[in-house]
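Subject: A structure for you to explore

Hi there,

Here is the structure I promised to pass on to you.

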Amino acid sequence: MTGDATFSSSDHQALSPSPNLDITIEEGSQNSEQLFEDDGHELEMEGNGLEIEGNDVDIESNGLEIEGNGLDIESNGLQNDCDQMLEIEDNHESNRDDTTAVAVENGISQGKDYPPPVVGMEFESYDDAYNYYNCYAKELGFAIRVKSSWTKRNSKEKRGAVLCCNCEGFKTIKEANSRRKETRTGCLAMIRLRLVESNRWRVDEVKLEHNHLFDHERAQNCKSHKKMDTVAKRKVEPTVDVEVQTIKLYRTPVVDPVGYGSSNSLEAESSQNVDRSKRLKLKKGDYQIICNYFSRIQLTNPNFVYLMDVNDEGYLRNVFWIESRSRAAYGYFGDVVAVDTTCLSNKYEISLVAFVGVNHHGQSILLGCGLLVDDTFETYVWLFRAWLTCMSGRPPQTIITDQCRAMQGAISEVFPRAHHRLHLSHVMRSILENLGELQESGVFQMILNRTVYNSLKVDEFEMGWDDMIRRFGIADQAWLRTLYEERERWAPVYLKDTFFAGMCTFQNGESMSSYFDGYVHKQTTLKEFFEMYELILQKKHKKEALDDLESRDSSPMLKTRCYYELQLSKLYTNEIFRRFQDEVVLMPSCFGVTQVHASGPVATYLIKEHEGEGDQRDIRTFEVMYDKAGMEIRCICGCFNFNGYLCRHGLCILNYNGLDEIPFHYILSRWRKDFKRLYIPDLGSNNVDVSNPVQWFDHLYRRSMQVVEEGMISQDHYMVAWQAFKESLNKVRLVADKHV
């Protein structure tokens, strides 16, 4: 990257403007069909049919705002200046008469008075932002123009704009025959501005590099500089009594910027009275380990993304990163996501937080990692917004976490429409661990398990809970009352309308292990973690690939003559089929189907089932509703939403009503073995700005990687893909030869 800290164009070009925005192509854009004499004249284009350069589109459709100081976004390229850190500082001093909106330390500025723009800069108005960039350009020796802007629908209120170097683009066809000297060179230098909720204008994207020499004399005579008024010629100065949000660029020392290992760190720390609790816990060399890993991965994986959060003192607080494969996998398995905070809550050596999903084999998959300074509301908000941004603003249906008030509040803030649920196995473990002697009582554990796992109706659970706490004298436990108040987040009887895809187990004695279980322990250091991190991922990916081959090339052994079993044996991966097969095998234990109610096509049935073995077998009754018109079935046990496949009770009712096959809407694509999954993030569309080399690369890279993924399926696929690559390369070289 070239000093900027934004997403690559590939991250943006898939996102279209919000439906309530009008796009304006202003003077000088290569996308306009004519030149305008004044920047103030705007051509409004109604509707969304206009394709704007991927990096020039305001992201408002997903309602996502990246807030919080010091959010540093690095994507699709190696950061050239790794020793620069971005900080946004709230400056409340009101006794300074010469406070500027931008402050620079250590001589980083390339201009005399105006530092180069950075992502995160904010201005009181659009004019202030324009005047700043214009002054910066004049000092360096280039001119600017408004490339594009967008306004709110049915309003002239400007919402965003792109300011570019006036050498951007090339002459249009109409201009090619004019006598005017060609001054455009296709320069990519630009800044993108956006109006944020605070009614301030924020710099969203920056490109600093020019592909031409600076000409101060010519720049002085350009229109943008001629129109500079007296306000724009001065530094952009807010009034003294206005709260200023200052942006600083810090150049880090040779050793860790977090203050560990620096010869002057203790002295500096004592003088600044820095609170260690406000920064990420790192040892000497840890920061360099993080940077080295991120830099190395970005060289080979352009869709790898990492973000760093820096506090007001310039110290690292939080880090988030996500692999390219994880971003792609989320498109297939993003319906249910668990947030694993085991390391953070149990005070491990590394404060690791992992986003985890479940794939088509029922295996845990990694959907992002973070290192957090603490477990506060603000920290979780930063983490969730960072993660959601990398997922193109698509939240999961269900998010599963441990019990944590701060996290619960952050989820409500960032994922307001998601179903927030708690790990049942963690809840059950916490009950036993906090009840002292009762955790050794077999009677108490039996009653607790029966109340939680076997209750089919809400009344049954609540009455059983009341009886339990009275019997064992634990009604006065405040933490237990708090847990009970949140019962709708963890008790299975309340969760039957929430889809879990098998991630949260609802059977006694079962629990889902952590993604890094067996690898990360309480004393594992950050150095040890990153040394084995890639090996863990490779092992998991290899396991998935081998299971793919096994599922595709082998046919599981059938245990019954039921056609439902045969049907799904041809469609589902082996592991998911085996889980479903257990339900089919238990169908004979169900008996006594009775229709108790009917309303039009909807009928309600009661079905009995033998439970247990030998003389201790009990008989339980389950209620099943079946809609003949829509072929929809719903059992009171909730198996389909809990596990992703139909239960034995539902299968018996389908069979009772003469259905030979399971309805198609109960066969989920997330479990299918014949569903092609390409782990390449589809972050863009086929609409490419042919004048933008960055978009050329992103588009070609994504498409070529899709061919690579397809080519890995078999030897025949490989030979076809290789031949296609050779033919394509020859055709491209022929085009190149014509231009020699």
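Let me start with a term: a charge sits over a ring if NZ of Lys or CZ of Arg is within 6 Å of the ring centre and within 35 degrees of the ring normal. Please keep in mind that this is a predicted model.

With that term in hand, you can find arginine 279 over the face of tyrosine 315, at 4.7 Å from the ring centre. Arginine 670 lies over a ring face too, that of tryptophan 671, with 4.7 Å to the ring centre.

Now for the overall picture. The protein chain has 740 residues, and 53% of them count as buried. Its secondary structure comes to 23 helices and 21 strands. If you take contacts between residues at least 6 apart in sequence, 66% of them join residues at least 24 apart.

What about the inside? In soluble globular proteins, nonpolar side chains tend to be buried together. Here the largest nonpolar core has 103 residues, and Trp321, Trp465, Trp490 and Phe516 have the most contacts inside it. Helix 17 (residues 526–553) gives the most to this core, with seven residues. Another core lies apart from it, made of 36 residues, including Phe320, Leu388, Cys390 and Phe415.

Leaving out residues up to four places away in sequence, its contacts include Phe294, Leu352, Gly370 and Tyr533. Tryptophan 321 also belongs to an aromatic cluster, whose members include Tyr293, Phe294, Tyr515 and Phe516. A search of the whole structure finds 43 aromatic pairs.

Two of those cluster members, Tyr293 and Phe294, are among the buried residues of helix 8, as are Asp286 and Gln298. Helix 8 (residues 286–300) reaches 22 Å from its first C-alpha to its last, close to the 21 Å expected for its 15 residues.

You will find glutamine 408 in helix 12 (residues 405–414). Not counting residues up to four places away in sequence, glutamine 408 touches His420, Glu486 and Arg489.

Finally, an unreviewed UniProt entry carries the annotation "domain: SWIM-type" for residues 622–658. Over that stretch the chain is 38% helix and 27% strand, and the end C-alpha atoms are 20 Å apart.

Enjoy exploring!

Best wishes

Notes
Residues are numbered from 1 along each chain as its sequence is written. This is a predicted model: local features need pLDDT of at least 70, side-chain atom pairs count only at pLDDT 80 or more; totals for chains, interfaces and linings use all residues. Side-chain values use heavy atoms; hydrogens and water are left out. Helices (H or I, at least four residues) and strands (E, at least two) are DSSP runs, numbered from the N terminus. Contact means heavy atoms within 4.5 Å. The expected span of a helix is 1.5 Å times one less than its number of residues. Buried means under 20% relative accessible area, exposed over 50%, partly exposed in between (1.4 Å probe, protein chains only). A nonpolar core is a set of buried Ala, Val, Leu, Ile, Met, Phe, Trp, Tyr and Cys residues joined through side-chain atoms within 4.5 Å. UniProt positions are given in the numbering used here, feature names are shortened, and annotations may be inferred rather than shown by experiment. Rings of Phe, Tyr and Trp (its six-membered ring) pair if their centres lie within 6.5 Å; planes under 30 degrees apart count as stacked, over 60 as edge-to-face and the rest as tilted.
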